[in-house]
Amino acid sequence: MLLPHGLQVLVVESQSSMRAQLRNMLASIGIDSPQFAVSASMAMRRLRAQPFDLILSEYDLGEGQDGQHLLEDLRQHAIIPPDTVFVMITGERNYERVISACELVPNDYILKPLTAESLRVRLLRAFEKRDAFLPVWQLMKLGDPVGALAACREARDRHPQYLVDFMRLQAELHAQIGQIEEAAALYREILAARPIPWASLGLARMLVVREAWVEAEHLLADLVARHPRFIEAHELLARVQEETGRPAEACGTLQRAADLSPYRLPRLRRLGELALQAGELDRAEHSLAEAVRRGSYSEFRDPEDHVRLVQAQLARERPDEALATLADLERNLVRHPKGELCLAVGNALFEGHRNDAEGLRSAMVRALASPERIRELSPGLRRDLLELCYDRKLESEGRQLLADLMRTHGDDRSLASTRAALKARGFENLSAEVEEQVQNEVRTLIGAGAEKARSGDYDGAVAEMMNAARKMPGNPHVLFNAALALLRHIEHRGWNEAFAAQARSLIERTQRMAPANPRLAAITEFRHELMKRYGIRPERAPVTRTRRA
């Protein structure tokens with residue numbers, strides 16, 4: 001049997017004896033120059049620096065790290081492409097049961113003690129499956145989900161052994177282009193054949209997009225009852241509970257997920273934020289302190305964790321601890337891109353808690369000095385600053401924050417949260433007034449671009465709409481119309497690689513903000529037809545040299 005020749009291989013293994021054993025095994029099957037990483041963080045740095053064809057990772061990496069966390073970080077942050085093969089090595093006899101309740105799973109796994117022959121056979125199997133999916137992934141990489149869907153349908157007939165996997169990918173592609181019903185139908189078809197946990201989760205995600213909260217909660221409650229270790233199901237159930245006005249229940253659900261997997265930084269961060277909302281201050285402080293501690297070793301460290309911890313400490317009337325947290329932020333994260341900004345925000349929260357009007361105003365001036373910088377903060381933290389302004393009678397600063405928040409986070413969910421925050425403070429009319437102002441700005445910007453296009457000035461239309469997208473980077477209507485202007489330019493002036501890439505990025509951002517937008521499918525189909533017209537296809541894959549293993 002044959003293995004691809006010239007594979008770039010990264011082995012992630014903390015034990016030196018196992019690294020030596022794997023080096024010898026790989027050499028015996030024709031893989032001569034693997035690279036090694038002794039921890040998940042080192043692996044992350046290697047993978048950011050260069051592409052690899054194959055990752056062999058030990059499951060237990062020590063010090064609270066494991067190969068599953070590494071895999072999730074790599075896939076969720078798009079650090080490795082879909083065609084990178086990830087194989088887990090584990091001594092866990094129940095590993096198959098463990099990954100059956102995971103949404104993201106490795107391409108394959110090998111139980112210890114392993115032999116060179118078992119390694120060779122598993123790698124052959126993984127690369128054979130990769131090659132079956134490669135045409136679809138190439139179209140996805142090119143930004144052609146419509147073509148990828150067609151390739152999926154063809155591949156189902158050619159590779160019936162991977163039928164369910166192709167159906168899953170089809171469902172994900174339908175969801176990507178806003179075809180929520182089609183995605184849900186595929187998940188239901190899979191579940192009709194057998195109850196696969198990830199298919200139930202996929203269906204629940206589609207129900208959440210449709211805001212079918214009752215059906216989604218019923219499905220997720222049943223899923224976590226049958227698969228109590230399915231962490232992603234707990235997380236989605238917590239979101240449903242939060243969206244339906246039950247933050248305390250959401251905290252409990254997310255806490256169970258954190259208890260099952262206590263080392264995931266995004267989960268600790270989200271649990272702390274939810275606990276703050278629910279008034280569960282002990283839980284909030286504990287989770288956020290742990291997020292700060294673990295963040296100091298993470299590739300995904302965020303100084304907002306310090307700000308959230310300051311909020312929890314102030315809510316518990318612990319100003320000395322809050323000052324210590326701010327000092328730690330200044331000492332260790334001031335060089336982070338958001339470090340100085342988060343320090344200014346943290347100081348504003350501290351001065352607001354002390355009722356020091358002059359100190360608060362001074363800190364807010366520093367925080368709001370650049371609208372571009374304030375946009376780097378999460379919408380939730382910007383909303384907290386907005387509430388602070390209106391609670392402390394800084395209405396001018398509050399209005400500035402409010403208008404910018406609505407310009408940059410104009411999706412329905414963000415707007416609803418902003419409206420609710422102001423309504424609770426008696427500023428419902430102000431919220432409606434600023435929202436109408438921003439909507440008028442949107443109409444004016446889109447209208448200017450449309451008028452240019454109608455007159456045949458496609459360069460002018462692109463300039464108008466890209467300027468609008470810079471002004472309102474979180475408004476899905478503006479982003480959609482900016483993408484459309486770019487595609488109209490390509491339609492009338494010929495293929496432009498830079499414009500095509502920008503249009504793709506804008507469509508993807510629109511999808512993330514408004515996944516049920518009924519126009520997503522049409523604009524994606526339009527881009528697909530333009531690609532066909534101009535002969536834009538994946539580069540022909542080079543012939544793979546092979547050697548006998």
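A disulfide is here a pair of cysteine sulfur atoms within 2.5 Å, and by that criterion the structure holds zero disulfides. This is a predicted model, in which local features need pLDDT of at least 70 and side-chain atom pairs count only at pLDDT 80 or more, while totals for chains, interfaces and linings use all residues. Residues are numbered from 1 along each chain as its sequence is written, and side-chain values use heavy atoms, with hydrogens and water left out.

**Cysteines**

- C342 is in no disulfide, and the nearest cysteine sulfur, that of C389, is 16 Å away.
- C342 counts as buried (under 20% relative accessible area, with exposed over 50% and partly exposed in between, for a 1.4 Å probe and protein chains only) because its relative accessibility is 0%.
- C389 likewise counts as buried, at 0% relative accessibility.

**Salt bridges**

- A salt bridge is a side-chain nitrogen of Lys or Arg within 4 Å of a carboxyl oxygen of Asp or Glu, and by this rule the count comes to 51.
- The side chains of D131 and R130 meet in a salt bridge at 3.0 Å, N to O; D131 is partly exposed at 40% relative accessibility, whereas R130 is buried at 13%.
- R239 and E243 form a salt bridge whose closest N and O atoms are 3.5 Å apart, and both residues lie in helix α11 (residues 231-243), four residues apart, or about one turn of the helix.
- D457 pairs with K452 in a salt bridge, the closest N and O atoms being 4.0 Å apart; D457 is partly exposed at 28%, and K452 is partly exposed at 31%.
- A network of salt bridges links E242, R270, E273, R308 and D384.

- T418 lies in helix α22 (residues 412-423), where helices are DSSP runs of H or I with at least four residues, and strands are runs of E with at least two, numbered from the N terminus.
- T418 counts as buried because its relative accessibility is 1%.
- Its side chain makes a polar contact of 3.2 Å with the side chain of R383, a polar contact being a pair of N or O atoms within 3.5 Å; within protein, one must be able to donate a hydrogen and the other to accept it, and residues adjacent in sequence count only if both atoms are side-chain atoms.
- Not counting residues up to four places away in sequence, T418 touches R383, L386, L402, L405 and M406, contact meaning heavy atoms within 4.5 Å.

**Surroundings of R156**

- R156, in helix α6 (residues 145-158), is partly exposed at 21% relative accessibility.
- The side chains of R156 and Q170 are joined by a polar contact of 2.7 Å.
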